[in-house]
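Here is a short briefing on one protein model. Keep the structure open while reading.

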Amino acid sequence: DKGYVKITSSSTLNSSHPPKNAADLDDINSKFYSSNSENSWLQYDFMKRKVIPTHYSIRSRQDGCKNDRNPKSWVIEGSNDGSNWTNLDSQQNADSLNDKSAFHTFDIKNTAKNKEGFRYLRIRYTGPNWESNHYMIISALEYFGR
C-alpha cells in the first residue's frame, strides 16, 4: 500500500483474499488465495529496486489442517523484465508447510545466479498442493537478502 512493492498473481479466487495479503506478516488470519489453476504464481515487483535474495519464509493458512491446501511443490524465480525467469530455488513435497499455520524459512540455493539482483521475485507452483488441487493459499511470504 505504500508503493514500495507491487504484488500480483496469476489469478485470485475472490476479492477477500488478494495477493497483497501475503505481505501482511502480522495478521495470521490474512491470506492470499488463487483460483484452482495449474502453475499458479504470486509475484513481488520491487519496482525501483533490485534485490539479491538469500532466504524466504512462508506461512501456511491459519484455518487449514494437515493434508489440506497447503503449499507442497514450487519454484522461486527471479527476473528483471517479468518475462525471462531464473530458477533460484525449488521445493518438492515440502512437508514443513503441511499443517495449520506452519512456518518455515528456506535458503535460496542458486546464490551464484543473483549477483546482479532482481526486480521481480515470484513463487510458482510446480504441482498440486497437499489436497491434490492447484489452489495457492499463502498466509505470508517474506523474502530476505539485500
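N39 is in contact with S10, R124 and Y125, leaving aside its neighbours within four places in sequence. The model is predicted.

- N39 sits in the loop between β2 (32-33) and β3.
- The side chains of N39 and R124 are joined by a polar contact of 3.4 Å.
- From N39 to I123 the C-alpha distance is 9.6 Å, while the two residues are 84 apart in sequence.
- R124 and Y125, two contacts of N39, fall within strand β8 (residues 120-125).

- Strand β1 spans residues 6-9.
- I7 and S9 form the covered face of β1.
- K6 and T8 form the uncovered face of β1.
- In a regular strand, side chains alternate between the two faces of the sheet.
- β1 runs antiparallel to strand β3 (residues 41-45), and four bridges join the two.
- Within this pair, K6 stands opposite D45 of β3.

**Strand β5 and its two partners**

- Strand β5 covers residues 74-79, and six of its six residues are buried.
- Both faces of β5 are covered.
- One side of β5 carries W74, I76 and G78, and the other carries V75, E77 and S79.
- The charged residue E77 is thus among the buried residues of β5, because Glu counts as charged and E77 is listed as buried.
- β5 pairs with strand β6 (residues 86-91) through five bridges, and the two run antiparallel.
- β5 also pairs with strand β8 (residues 120-125) through six bridges, again antiparallel.
- W74 stands opposite Q91 in β6, and W74 also stands opposite Y125 in β8.
- Six residues lie between the strands in the hairpin of β5 and β6.
- In that hairpin, G82 takes a positive phi near 80 degrees.

**The largest pocket**

- The largest pocket holds about 570 Å³ of space.
- It is lined by 22 residues, and V5, I7, A23, Y44 and F46 are the closest to its centre.
- I7 also belongs to the covered face of β1.
- Strand β10 (residues 140-145) gives the most to this lining, with five residues.
- By class, the lining has 14 nonpolar, two polar and six charged residues.

- Is N21 buried or exposed? N21 counts as buried, because its relative accessibility is 14% and the cut-off for buried is under 20%.
- N21 lies in the loop between β1 and β2.
- Not counting residues up to four places away in sequence, N21 touches S16, S30, K31, F32 and S139.
- S96 is in the loop between β6 and β7 (103-107).
- S96 is partly exposed, with a relative accessible area of 34%.
- Beyond residues up to four places away in sequence, S96 touches A102, H104 and F106.
- S96 and Y44 are 23 Å apart in space, C-alpha to C-alpha, and 52 residues apart in sequence.
- Y44 is one of the residues closest to the centre of the largest pocket.

- Most residues other than glycine have a negative phi.
- M47 is not a glycine, yet has a positive phi of about 50 degrees.
- M47 lies in the loop between β3 and β4 (53-59).
- M47 counts as partly exposed, at 30% relative accessibility.
- S132 is another residue other than glycine with a positive phi, here near 70 degrees.
- S132 is found in the loop between β8 and β9 (137-138).
- S132 is exposed because its relative accessible area is 58%, and exposed means over 50%.

How values were computed: Residues numbered from 1 in each chain as written. Heavy atoms only, no water. Buried < 20%, exposed > 50% of the residue type's maximum accessible area, 1.4 Å probe, protein only. Pairing = 2+ DSSP bridges. 1 Å grid on protein atoms, 1.4 Å probe; cavity = no way out; pocket = protein on both sides within 12 Å on 5 of 7 lines; lining within 4 Å. Points joined across faces, edges and corners; volume = space filled by probe spheres on them. Contact = heavy atoms within 4.5 Å. Polar contact = N/O pair within 3.5 Å; in protein donor to acceptor, adjacent residues only side chain to side chain.
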